[in-house]
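The following exercises are to be worked with the sequence and the three-dimensional model at hand. Each task is followed by a solution in steps.

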Amino acid sequence: MGAFLVQEWWIVLMFLASLAPLLHRLATGGLVASLRTLDRRWIFLLMFWAVAFPIYYVGVTGKTLPEVPGLLAQSTFDEIERLAPGDPVLLAFDYEPSSAGELTPMATAFVRHAAEKRLRMYFVALWPLGAQMIDDVIERVLTPDFPQLQYGRDFVNLGYKSGQEAVIKVIVTNLRELYTTDVRGTAVQNIPMMEGIASVQQMKLIIDVSAGTPGTKEWVQYAVTPYPSLRIVAGVTGVSAPLYYPYIPRQLHGLLGAIKGAAEYEQLVLTRYGGENPNPKYTEGLRRMGPQLVAHLLIIGLIVVANILYFTDPSRARR
Amino acid sequence: MKRTVPLLIASATGFILIVAYFVPPIQAWSEQVSVWFNILAAVAFILGGANLLGNHLKHISDRARGWGYSVVLIVSFLATLVAGLGKIGVNPSADFPDFAWSGTYRQIGSPFWFFYEYAFTPLTATIFAILAFFIASAAFRAFRAKNIEAGLLLGTAFIVLLGRTFAGVALTSWIDPAVWSGFQYFTGLRIENLTVYIMAVFNTVGNRAIMIGIALGIVSTSLKILLGLDRSYLGKD
Amino acid sequence: MIAGMKRETLIWTIVMVLGAAGLLGRAFFSEQGMGREYVRAVPVANGQWTQYDGATYTDYLRAEQAQPGQTVVQLSLPRTVGLWLAAFFTLAVFSFLWGDNPFYRIAEHVFVGVSAAYWMVVAFWDVIVPNLIGKIWPGVVQAWALPGLAGPEAERNLVYVVPLVLGLMLLWRLMPAGGWIARWPLAVVVGTTAGLRLIGFLQGDFLAQIRNTILPLVVFTGGAFDFWGSVSNTIIVVGVLCCLTYFFFSFEHKGIVGGVAHVGIWMLMITFGAAFGYTVMGRIALLGARLEFLLDNWLWLIDPTGRRVVATMLFGLIG
């Protein structure tokens, strides 16, 4: 760390210079009084550095924090790991670029895991931008790293359909009523891997990457609950993750929550399939845990300072 | 005609979907109704876009305050729309080179993709990203451990924030049976394990109760609509 | 105080100007520079067209090394402009943190315009064309945009005249008169939503959650008494009952009921605390992704995914 700071002296200089006016005010205006009237833009600045500095550090040094996968990540991993080559899985990409920061690492890891297992991948999307997210992951993972996998035989992008949960309602009993072609305009009957697939019920597993509604909740309500033979694992955003815990374990068989869930799952996939020098695109979640750590500590620090100010405020007793 | 027919339509479509769960032969009907709904959802996107265009055109013609921004909006709207609907710069599909319109509208490198990649993506991602700053500011201004309830909330938040990063591991890694054999009964107190426990037990409790409450609310509102007791969606005459 | 504010602004302006000047200097005067996009030309359909896939600076240098003056991997001016535009939009949205300003306003309006149009285009090509026009006039669609349409999906289905008429009725809302006409399709939408949700929530959220809560209070794992398993199950069963007591008893919460409801409140507070923690985690992850875009894709300050690895290597050799 010391060598890094010396080598990258200019960012340290920027950091100190940008905070100099704040430090000056705290020193001259009285610590407590200045904190009580703190402009929120200083908090914004602290937040910026709390995230930017670790990103820069991790970006330059390539160091990541060790990750011990939890039980939920393990059960998510096991659900995919227990499948046999050629098993059909439905990959529902229910998100868009607004939450890609959290969900892209999960989508990447899911697709890589499914590709390593040689599962047949059927991509669908309930969000208008989801089809684009599918294109992106195919271009990022399948095309460069799995050239032996063939479109139409090993994976197919069926794309987006409007109607939210009503889409699930239809395709869980009749896939072809809605999906007459894939995104390339090929009729389903001419896609080799669509042979024998009449509905979602034929899927061995639903893998849902979900940013909210419609997403994991709807897949649980309209697919897994009425058809209990279906199984589902989900990678979801931090905001929505706590809401899905009541479905575990009967209606939801694995859950990755926020970037931590992504990092844990990445670690599991890397341990099993990674090798010595994993491609950095498969460690995005792990890299992001550095900024996460510093920013979490900042939030805790802010709450602690605010509470100290609150309890030491002489005017509080009068209120 | 203006009110009775819509009421009947709403009840009929809703009850078809419900009855289909109990009478499998009408499953096909419920699929059909759902497909109509899906198509109407797509039409709603078109309706929404047209409404937006209309509103902002009016804004401009009225020379309302900030009408210049409405021009920006309309220009970006129309440019994206023309690029996408017209499949501008899109090559025909490799399988059907003789059909000029057979390519995919999202083709990488096309103008429509350009709007997605360089306008939509940075804008939507950054708009959500700046919430991190506001949540930090709110943490400083709003969270006070004024009573037991607020203390529980903050305490849980601290444990979760620490436990979902390496900080949790670093702070309590000394609770290790290798350090002292008696610690084998206390490994559950390591922050990362506490977090897992809070999420799996206490968080499940709260969210399950909320889920049951919301479900009952939704069931009763849906019933009111299907029975024609709630007609607010029809608006006023 | 005012003098202090001015001095802060001055210091800040100096820091910003110096920082920007440093970055621009690095962009234009260093060997590596910043913010350029490369593409790889790939011939499609026996060379009838050229498709431009995204490439990295690494790809470019490798190609140049193999064959100087090659044209397969090249600098893309439009995409470079796009990248700078993306950086501008990112900074414009961030500028809202300082205060409302015209740059933010422009970015906001571009966002609304582009996204509304994007959704319209997706709805048209992914749903209206294959699922409506293609069902009523399959021949037209085959001759125009979906030549691959074939099989039973390419047969005319006149039932789809119903959603066509309903859709046109919905669009009638744009007309100045006859607003009631749109009520019919609206009734389909409301009725379908109500019907779907009634069953979905009853089955997935109400009945299943009660079922999930009926747990053994004394747990035996592998024949041995599981103390912590029993405690967890007891907390879940008792906790859910306490929360429900708090929600549903409409009379005054006094005595035993009051105590039970209070425990329910504590459970909910813990739930909200967990939700807050997860929300913070999610938001920070999104910020991290954005800052990584600025530092990596635009400024070329960090290179976590090895997009410019060879660059450093080569310049290391040359320099």
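**Exercise 1. Chain A as a whole**

Task: State what share of the 319 residues of chain A is buried, and describe the chain's make-up and extent.

Solution. The model is predicted. In it, 55% of the 319 residues of chain A are buried. The secondary structure of this chain consists of 14 helices and 6 strands. Its C-alpha atoms fill a box of roughly 75 × 50 × 35 Å along the principal axes. Of the contacts in chain A between residues at least 6 apart in sequence, 76% join residues at least 24 apart.

**Exercise 2. The contact of chains B and C**

Task: Determine how many residues each chain gives to the contact, and which element of chain C gives the most.

Solution. Chain C supplies 107 residues and chain B supplies 109. Elements giving two or more residues to the chain C side include strand E2 (49-55), helix H4 (102-136) and helix H9 (255-298) of chain C. H4(C) gives the most, with 23 residues. By class, the chain C side divides into 78 nonpolar, 21 polar and 8 charged residues.

Technical notes. Residues numbered from 1 in each chain as written. Chains lettered and ligands numbered in written order. Predicted model: local features only at pLDDT ≥ 70, side-chain atom pairs only at ≥ 80, totals over all residues. Helix = DSSP H or I, 4+ residues; strand = E, 2+ residues; numbered from the N terminus. Buried ≥ 20, exposed ≤ 12 C-beta atoms within 10 Å, placed from the backbone. Contact = placed C-beta atoms within 7 Å. Nonpolar A, V, L, I, M, F, W, Y, C, P; charged D, E, K, R; others polar.
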